[in-house]
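Please consult the sequence and the structure as you read.

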Amino acid sequence: MSKMLNLKVVAVEAETADAVTIHLKPPFMRKLDYLAGQYLSLEFDAAGTPQRRAYSLSSTPGLDRHLSITVKRVDGGLVSARLVEQLTAGDRVRSLGTSGRFVLAQGARHLVMLAGGSGITPIFSIIKQALHFELDSRITLIYCNRNRQSVIFADKLDQLAARYPGRLQVIHLFSRPEDGSAGARLCQERAMELLAPLNGEHTHYYLCGPAGMMQQAREALRSLQVADNRVHLENFVAPVKPAAAPTGLASQVHLHLQGREYSFAVSPGQTILEAALAQGVEPPFSCRSGFCTACVCTRLTGEVEMAEGHGLSPAELKMGQALMCVGYPKTAEVRLTVD
Ligand code: FES
């Protein structure tokens with residue numbers, strides 16, 4: 001992750017009654033590189049304490065002039081309420097850089113994308129990338145919302161479908177349509193019905209939305225025997241902490257970071273990131289919830305147990321990767337590297 005940058009708010013664009021797109025610009029002569037589908041990490045002061053949040057980028061590099069995040073106000077979310085209701089052009093926000101692995105896979109020709117609510121944000125970025133730069137790709141988007149009024153990017157998706165005929169199909173599912181007609185939710189049966197005819201050798205699946213929707217879609221894909229490396233997940237609900245502390249022993253973690261080795265104790269029930277920060281070690285991190293993968297490290301020795309629902313793929317886990325913000329040492333000694 002790159003160093004802290006002050007980004008200027010260029011414009012705030014309303015998308016729905018409770019979602020806005022915030023267009024941002026780095027300082028003169030500075031550039032913020034990113035891939036379609038990644039997060040932007042921001043830091044805010046709340047009650048005198050710096051709070052970090054990761055927001056998916058809805059802009060697409062090489063295509064959109066500004067860096068843009070799309071934010072939906074969440075119930076009880078102080079930071080999202082501030083962004084949606086108070087931010088205006090000319091304001092500045094502190095950025096810690098971009099990260100994330102929810103990006104376009106090589107060789108993906110047919111992209112089947114399932115989005116729920118604001119889960120459309122990274123998917124919208126990837127859709128534009130595929131349509132503009134991957135000329136032999138086509139996309140099927142299954143987009144779940146309460147009703148037409150709550151659809152983020154409704155007009156923009158219609159415009160893309162018209163501009164790229166035959167390459168973008170959007171299937172809307174509304175759980176509570178305005179006209180009072182029967183609602184449609186993505187249950188497992190419906191997911192099977194929609195996904196089965198789309199399955200093919202070069203089909204890749206991108207899922208981002210509420211936990212229930214993700215679960216139903218994953219079950220359907222398992223039933224269709226779709227290989228894990230063709231399923232790309234972006235979670236935005238907090239991972240579930242292991243029921244019991246993974247080890248009754250305090251663990252000693254040795255962390256190789258930026259050419260230095262740090263050793264610190266981790267108490268049972270404490271994450272590796274919590275222990276590192278408590279002892280003045282500051283590895284890269286942002287969301288602290290297992291979504292953004294900014295705190296990824298590689299395990300050299302020892303075992304780490306992670307909360308369920310984190311942002312690493314089975315292939316990355318097999319390579320020994322772990323997320324420090326939702327990772328608990330499982331052995332008395334663990335050796336990790338972030339380099
Ligand atoms: S800080 Fe975001 S996944 Fe760990």
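Does Phe-153 count as buried or exposed? At 3% relative accessibility, Phe-153 counts as buried, where buried means under 20% relative accessible area, exposed over 50% and partly exposed in between, with a 1.4 Å probe and protein chains only.

This is a predicted model, in which local features need pLDDT of at least 70 and side-chain atom pairs count only at pLDDT 80 or more, while totals for chains, interfaces and linings use all residues. Residues are numbered from 1 along each chain as its sequence is written, and side-chain values use heavy atoms, with hydrogens and water left out.

**Backbone and aromatic contacts**

Phe-153 is found in the loop between β8 (138–145) and α3 (154–163); helices (H or I, at least four residues) and strands (E, at least two) are DSSP runs, numbered from the N terminus. The phi angle of Phe-153 is near 65°, a positive value in a residue other than glycine. Arg-288 likewise is a residue other than glycine with a positive phi, near 60°. Arg-288 is placed in the loop between α6 (272–278) and β14 (296–301), and at 43% relative accessibility this residue counts as partly exposed.

The structure holds 2 aromatic pairs. Rings of Phe, Tyr and Trp (its six-membered ring) pair if their centres lie within 6.5 Å; planes under 30 degrees apart count as stacked, over 60 as edge-to-face and the rest as tilted.

| Pair | Geometry | Centre to centre | Angle between planes |
|---|---|---|---|
| Phe-102 and Tyr-206 | edge-to-face | 5.6 Å | 75° |
| Phe-124 and Phe-153 | stacked | 4.0 Å | 15° |

Phe-102 lies in the loop between β6 (92–99) and β7 (110–116) and Tyr-206 in strand β10 (residues 203–209), so this pair ties together parts that are 104 residues apart in sequence. Both Phe-102 and Tyr-206 are buried. The pair of Phe-124 and Phe-153 also links distant parts of the chain, since Phe-124 belongs to helix α2 (residues 120–133) and Phe-153 to the loop between β8 and α3, 29 residues apart. Phe-124 counts as buried at 5% relative accessibility.

A further ring contact involves a charge: the charged end of Arg-52 sits over the ring of Phe-285, 4.0 Å from its centre. The criterion is NZ of Lys or CZ of Arg within 6 Å of the ring centre and within 35 degrees of the ring normal.

An open sheet is formed by 5 strands in the order β9-β8-β7-β10-β11, with parallel pairing; two strands pair if DSSP finds at least two bridges between them. At the edges stand β9 and β11 (231–235), each with a single partner strand, so one side of each is left without a neighbour in the sheet. Neighbouring strands of this sheet are turned by 10° against each other on average, direction ignored. The parallel pairing of β10 and β11 runs over 5 bridges, and Leu-207 stands opposite Leu-233 in β11. Helix α2 packs on the sheet, touching β7, β8, β9 and β10, and its direction makes about 155° with that of β7. Contact here means heavy atoms within 4.5 Å, and axes are lines fitted to C-alpha atoms, for helices over the stretch in contact, with angles from 0 to 180 degrees between N-to-C directions.

A nonpolar core is a set of buried Ala, Val, Leu, Ile, Met, Phe, Trp, Tyr and Cys residues joined through side-chain atoms within 4.5 Å. The largest such core has 30 residues, and those with the most contacts inside it are Met-113, Ile-120, Ile-123, Ile-127 and Leu-141. Two or more residues are given to this core by each of β7, α2, β8, α3, β9 (168–174) and β10. The largest share, 7 residues, comes from α2. A second, separate core of 25 residues includes Val-253, Leu-257, Val-266 and Val-304.

**The antiparallel sheet**

Another open sheet has 6 strands in the order β4-β3-β6-β1-β2-β5, and their pairing is antiparallel. Its edge strands, β4 (49–56) and β5 (67–72), each pair on one side only. The twist from one strand to the next averages 40°. Strand β3 (residues 39–46) pairs with β4 in the antiparallel sense over 8 bridges, and the bridge partner of Ser-41 in β4 is Ala-54. Helix α1 (residues 78–85) packs on this sheet, touching β2 (19–25), β3, β4 and β5, and its direction makes about 120° with that of β5.
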